[in-house]
Amino acid sequence: MTLEILGKQDRTKLKGQLRYAARTKKPVLVMPCLATEYTLPENRPVFENILENLRQVKYLHKVIFGLDAASLEDAMLLRDLIRQYEIKDAFIQWNSGPVFSKIYDELNEAGFGLTEPGKGKNMFLSFGLSLALGSASTALVDADIRSFSRVQLDRLLYPLVVLDFDFSKAFYTRISERKLFGRVTRLMLKPLLTALKRRFVEYKEYKMLGLIDFLIQFKYQLSGEVAFERDLLRKMRFATNWGVEIFTLIEVYRKAAAPAQVEFSDEAFDHKHQIESPTDSSKGLNKMAIDIVTTLMNAIVREEGLEITDTFFRDIATTYQAVAETSIKNYSYLSRFNNLIYDRDHEEFLVKEVFKNSILQAGEILTARSRVAENFLKVVHTFPEFKPFLESGLADAILSIESKLDRSIFEIPQTVSWERVETKIPDIYNKLRIAIKEERAFFEL
């Protein structure tokens, strides 16, 4: 079970409790960002609003700006903005700069495979830096939140810093321009979890229900605003694709003792929206949905032991569509009641033509390799031309690769845990502290 905290606290009391408890907890804020989030004119006001609100936060031990896709000029501009808004105890983790490039090189030489650029690699190193700084609690907030205010950070950290929980996750209502957003959560993930629960109850596969029930109780499973207690953070692995949020919750299910979810904002929450990309599964909501489904099913198959058949994903997709269509009807009523603009036809299109297909495509990805050996055996036993090869052991060779294929089917791109890094590089935190000093000196922060 999770503790659910609603955003109704007295703000003055909230700040006071956080300031007092933060003396020993040393909370760190990690903010991964791209240079475009402050260099592009359309994004700059959003980023400056975040900085203005961070200026008001007095209890943070450090603020880490994990900077990706940035030139030296871009990095210096971020330095100037941090100075302008007087963000205390902040430093820039310039991922392509000489200091942290050296750290990545050392991690890769040790076999940790941090070669793919992106948010997963960025935040993984930021978390290591927070651990090196001795923080007892670390929060992650994205740099594209259009409606950010400092009380949101207060609420996110409160369960850890004041109440001694080990994990905190935000939930909120996604509304922008009088329209409901959070489409992947509303129209894909929530109905899919309901469909999976129905399946597991019907077939009495009760072992699978623990994880599904845990995920269902979160109001917004795909929110990116999370916080971790130190010991939990050391054990966590993180996905490096669009499945990062659901993978994180799965890790929390396995490793956290006391998770909480907090109402991050009691007003409409808004951040950057992804394109839908209905015809291209390599980007947008389409790609996001496929990554989420494969990540979720990976956990159920590998960790919970579910055996999936050729018809499993077709059955799930059919049940999913029925559940999603009922949800759409409810969202249309909700929108009418709250005077929101709602395009029911388009939401139905997303369910039928994007998300249902994403589930089926994820199923194809997850099961295609497992059928290779079976299909190959059928072929070689059908045609007499293969008889001499069968007598020489071809069938045994095919069967010998089956287990290798099974092991490679469900590989989700992910980081190792910092606990694992500590084991292989015992002085890693000392190296990270030296890197922080060098980076702060370079940027004169």
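Tutor: Seven nonpolar, three polar and three charged residues make up the lining of the largest cavity. Nonpolar here means Ala, Val, Leu, Ile, Met, Phe, Trp, Tyr, Cys and Pro; charged means Asp, Glu, Lys and Arg; the others, Gly among them, are polar. The model is predicted, so local features need pLDDT of at least 70 and side-chain atom pairs pLDDT 80 or more, while totals for chains, interfaces and linings use all residues. Residues are numbered from 1 along each chain as its sequence is written, and side-chain values use heavy atoms, without hydrogens and water.

The largest cavity has a volume of about 80 Å³, and the count of cavities of 30 Å³ or more is one. A cavity is a set of points, on a 1 Å grid over the protein atoms alone, where a 1.4 Å probe fits but cannot get out; a pocket is an open set with protein on both sides within 12 Å along at least five of seven lines; lining residues have an atom within 4 Å of a point. Points are joined across faces, edges and corners, and the volume is the space filled by probe spheres set on them. Of the 13 lining residues of the largest cavity, L140, G224, V226, V244 and T248 are the closest to its centre. Helix 6 (119-132), strand 9 (226-229) and helix 11 (244-255) each give two or more residues to this lining. Helices (H or I, at least four residues) and strands (E, at least two) are DSSP runs, numbered from the N terminus.

Rings of Phe, Tyr and Trp (its six-membered ring) pair if their centres lie within 6.5 Å; planes under 30 degrees apart are stacked, over 60 edge-to-face, the rest tilted. F214 is buried at 8% relative accessibility, whereas Y253, at 28%, is partly exposed. Buried is under 20% relative accessible area, exposed over 50%, partly exposed in between (1.4 Å probe, protein chains only).

The aromatic pairs number 16. F312 and F313 form one that is edge-to-face, because their planes stand at 85°, with the centres 5.3 Å apart. F312 is buried at 0%, and F313 is buried at 5%. F127, F167, F228 and F238 form one aromatic cluster.

Two lysines lie over rings: K219 has its charged end 5.8 Å from the ring centre of F171, and K424 is over the face of F112 at 5.7 Å. The criterion is NZ of Lys or CZ of Arg within 6 Å of the ring centre and within 35 degrees of the ring normal.

The second largest pocket holds about 350 Å³. Among its 20 lining residues, Y172, T173, R174, L180 and L334 are the closest to its centre. Helix 8 (183-202) and helix 13 (312-337) each give two or more residues to that lining, which has nine nonpolar, four polar and seven charged residues.

As for the backbone, K26 is not a glycine, yet has a positive phi near 45°. K26 lies in the loop between helix 1 (11-25) and strand 2 (28-34).
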